[in-house]
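Let's take a friendly walk through a protein assembly, one topic at a time. Keep the picture at hand as you read.

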Amino acid sequence: MNINDVILKTVSKAVVLIILTFGIYLFFSGHNHPGGGFIGGLVIASAFVLMFLSYDSETVSEALPIDFKKLSGLGVLLAMSSGIAPMFLGGAFLSQSFGYFDLPIFGKTELATVTIFEAGIALTVIGVVVNIILSISEDE
Amino acid sequence: MYLLILAILVPFFFTAFIPLIHNRVGSIHLGWLVLVVPLVLFSIFVVQVPTISNSDTLMQTVHWIPSLGINFTVYLDGLSLIMALLITGMGALVVLYSIYYLSPSDSFPHFYAYLLLFMGAMLGVVLSDNLLVLYVFWELTSISSFLLIAFWYHRKNSRYGAQKSLLITVFGGLGMLAGFLMLHSMTGTFSIREIVATIGQYPEHALFYPAMFLILLGAFTKSAQFPFHIWLPDAMEAPTPVSAYLHSATMVKAGIYLVARFTPVFGGNAAWFWTVTLVGLVTLFWGAYCAVRQTDLKALLAYSTISQLGLIMSLFGLGSAALHFGDGEQGALYGLAIFAALFHMVNHSTFKGALFMVVGIVDHQVGTRDIRRLGGLMAALPITFTFAVIGSFSMAGLPFLNGFLSKEMFFTASVNAASLPIFGASTWGIVIPIIAWIASVLTFVYCMIFVFRTFFGTPQSKKADRKQVEPTLGMLVSPAILCVFIIGLFFAPNLLGDHLLRPALNGIIPEISGATPHIYAWHGFNTELFMTLGIVIVGSALYLTFRSWIKIFRLQPAGWTFTALYNSFLKNLKRASNWITTHYMTGHLPSYFAYIFMFFILAAGGALIFTGALSIDLTSDSPISVYEGLLTAVMAIAAISILFAKSHLAAVLLNGVLGFSIAIFFVLFRAPDLALTQLVIETVTTVLFLLCFLFLPEWTAEDSSKRTKFRNAFIAIGAGVTITLIGLTVNSGKLFESISGYFENSYELAGGDNIVNAILGDFRAFDTMLESLVLFIAGLGVYTLIRLKLGKGSGKDEHQ
Amino acid sequence: MESLIIVLVGVLTTVAIYLVLSKNVVRVILGTAILSHAVHLLILSMGGLKLGTVPLLGEEAVKYVDALPQALILTAIVISFAVTAFILVLAYRAYQELGTDNLGAMRGSDDE
């Protein structure tokens, strides 16, 4: 293990945490500020990619037992089913709705079904990006 | 009540059902189950006879695409009912016959599935009132015919015959479709009844004659009229029940049906009269002439079918003159020809069906259909012999059989036509009865060949492969029923005439009320009777001296046939298309890209210049700041430097420069979401490139020739200039207001302040969802590509 | 500004197409990546540049820039990433199986 690896690993421990937090922030802020499912997903995916680059994939897989292929499939499923759900309530495919609720701690908060859809998109993006990078780096 | 629509759909449903049940029927032959379908349908249509014979019609409509005027409308009049009864009645007999004809090694489910498919499609053709629905069913009959001809697909001749029939009939069908569309653009409707009602307003329309000839093309190809008759003899490769059903009794009559259906639309003018009549007469003569020389019994019957179809066709042509005269004595006189055509159509189905079944029995029991290897079968197959005599004597037009009656009526019509005072027939009309008579003599000759060469003479049992005995009783039932009809229709023709033929006639020429024909077996000693007598005398003489004049057929040079023409056309078509394809499909990716971009330059750039749309207006541009100018210069330099990069690493880094510069542009152009996305994506892409470069070789300088490089540069610059000009043109003019104002209501409509995000997640969520699907598929593709390792040898195995 | 960007798009397109017409797989892939950059810039400039503030209603501005091209480009960026990744891996696997990165040598066999 050379000195570069030590620096990379140490730095990435801290940086991954920051990137992940930023990614989740971006995901939720997307409704009213720059961000959203794509960007949030991409940023979170880049945190994972950094993890896989600085550590070897076995170590990460042990700590983080996620199958990213299944994650991307789950994302597509979530996005689609969030679109199908309103059809049972008489709406068109993928019609979204929103409302304002008074919640403890948060106060008056907007809850929108589009968040579920965005979560599906984000999961797909995370799954696919990490999967692509992992597939190539694990080959031979 | 949608009984008639159900009647069309029942065979299709049953077809879908066959794969599910054929394994569960046990020892029962699948044919017995299938037989239920035509029997039930036949009884449904028989029940309609009293309604129709009262000159009523039935109509049922299911709306399909009402906005385009395409409805599934079923219309039952006399003509449709005759056809429907033929289709279901012959269908039942043929299914019954096939149970004994097929050998256990044949695939029953396929056979009966195709047969039912055909039955449904054919019913659709004769019952549809909507032209487009009719067309769909029309092509379905061609497809099911193709499948049935190729039923024994391991034979080369079957495949050849199937392809030939499909190519010719579909070619005609497409012409017919064009004709239908022309009719629609003339009259604005797809309904045949409405077209008949309104066509009188458009006699001078420019599309009238093109539509007429295109529809006739469809009819002539389907009904094997000269010179499109060449597919029918090759279609005889089909199993004999199929030949009896599709290629003599029903499908080939679809063209005749079409002509009959469109007689009220196009009839009454000289072009229709002469085209239909002459094509019919030439076909009548040519079919009979070719039939005489055949040595294969089925080929003989095929040519005789062509000939008889020509006869019916020419009768419809002659009868169309009635529409010229309108209501009155003359109109009624020529209307008789249509009546005769309908009568002969029914008669032909009965005697030709019986004859095909006879050939099937001979083939099945003796093992050959070659006349030269047959003879003296009368003793071994007495019942079959009886059927053969009844069938072929009826075809020859001898008395006490139904063929005699319709043949006499045909002569009446042709003699009448000789004195037709219109269409220039007064000078040329005499040709009609002469051709009719000569063709009938030839018909008599081949009918005698069929009977006497097969069943008389010395038995050739040594040459035959099997023991010659009558087949099982079941195989004889169907031809027996047909023979009963052949004789029965002679003695009681007006039962058919009054209840079916007259309503059909009134459906075709409704304005001629005087046409109330009655069929008589005895007209006294008139021209027609002497023509028949002449046929018998001359025909017998020709048959007896057959060997001395057979040489006449050698006058036609071998290879000077329409089939040879068709073959060489197909061969040259194949060669030409092969030549063209191999010259531009090089298998070389850069060539394909070059085509695409050159086409883009020509089409888009050409349109820009020739339409005069090109305009450049810089006045509405927003101002340029220093940063933006610098950034533009950086990007342009980075892009051009990529072309000269010595290593792929440098190229990818330069690409990174482009990507990050664009991210900065996104910031400058007020697109924070894009800037964020672009930054992350560019990072990940660069990582991806670098990862792949671990495995890919360093790139080398292009080894292309100067000429190729010059060509590539020319195409690249051309495309770049085109894009720039299009962009500048679009930028300088505003054709309509931007729709983006709507999306600025995103807070009210989607509850979000971020407009871009609201568009992605709400307004245009469908795009976004499909995009995530694309992403997912690409991810799967990458994973599969990496994990799927072909063994070293497996790639080669695929090519062996 | 718009016209300048459009000219830049033209330059990028020219470079991209020259690369795409090359025989080397990596050049072709780079070409497609640059082509998508060019298209993104083109779409953005078609909506007009710098005509308002960022499309966030929280800014409470009088005029916002056109948000529709931005949404389209966002989708396009992600798709072009997916496509680039796919063809890159395709090229890499083709090199593994066939031992060449030259498109001229990758032509299908004659009997196809």
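Met585(B) sits in the loop between α25 and α26 of chain B. Keep in mind that what you are looking at is a predicted model.

## Where chain B meets chain C

How many residues does each chain bring to the contact between chain B and chain C? Chain B brings 96 residues, and chain C brings 82 residues. The area buried between these two chains is about 8,300 Å², and carbon and sulfur atoms give 75% of that. On the chain B side, the residues that lose the most area to chain C are Phe669(B), Arg670(B) and Leu785(B); together they account for 8% of what that side buries.

What about charged and polar pairings? Between chain B and chain C there are zero salt bridges, while six residue pairs are in polar contact, counting pairs with both residues at pLDDT 80 or more. Helix α30 (residues 706–732) of chain B gives the most to the side that touches chain C, with 14 residues. Sorted by class, that side of chain B holds 57 nonpolar, 26 polar and 13 charged residues.

The buried area here is about 3,600 Å², with 73% given by carbon and sulfur atoms. Which residues of chain B lose the most area to chain A? They are Asn757(B), Met769(B) and Phe776(B), together 14% of what that side buries.

The count of salt bridges between chain B and chain A is zero. Across this interface there are seven residue pairs in polar contact, again with both residues at pLDDT 80 or more.

## A look at chain A

Which kinds of elements does chain A have, and how many? Chain A has five helices and two strands. Starting from the N terminus, the order of its elements is α-α-α-α-β-β-α. Along the principal axes, the C-alpha atoms of chain A fill a box of roughly 60 × 35 × 25 Å.

Which kind of peptide bond joins Phe226(B) and Pro227(B), cis or trans? The bond is cis, with omega at about 0°. You can find Pro227(B) in the loop between α9 (208–222) and α10 (231–234) of chain B.

The other spot is Phe400(B), which has a positive phi of about 70° although it is not a glycine. Look for Phe400(B) in the loop between α17 (382–396) and α18 (402–418) of chain B.

Definitions and conventions:
Residues numbered from 1 in each chain as written. Chains lettered and ligands numbered in written order. Predicted model: local features only at pLDDT ≥ 70, side-chain atom pairs only at ≥ 80, totals over all residues. Heavy atoms only, no water. Contact = heavy atoms within 4.5 Å. Buried area = accessible area lost by both parts, 1.4 Å probe. Salt bridge = Lys/Arg side-chain N within 4 Å of Asp/Glu carboxyl O. Polar contact = N/O pair within 3.5 Å; in protein donor to acceptor, adjacent residues only side chain to side chain. Helix = DSSP H or I, 4+ residues; strand = E, 2+ residues; numbered from the N terminus. Nonpolar A, V, L, I, M, F, W, Y, C, P; charged D, E, K, R; others polar.
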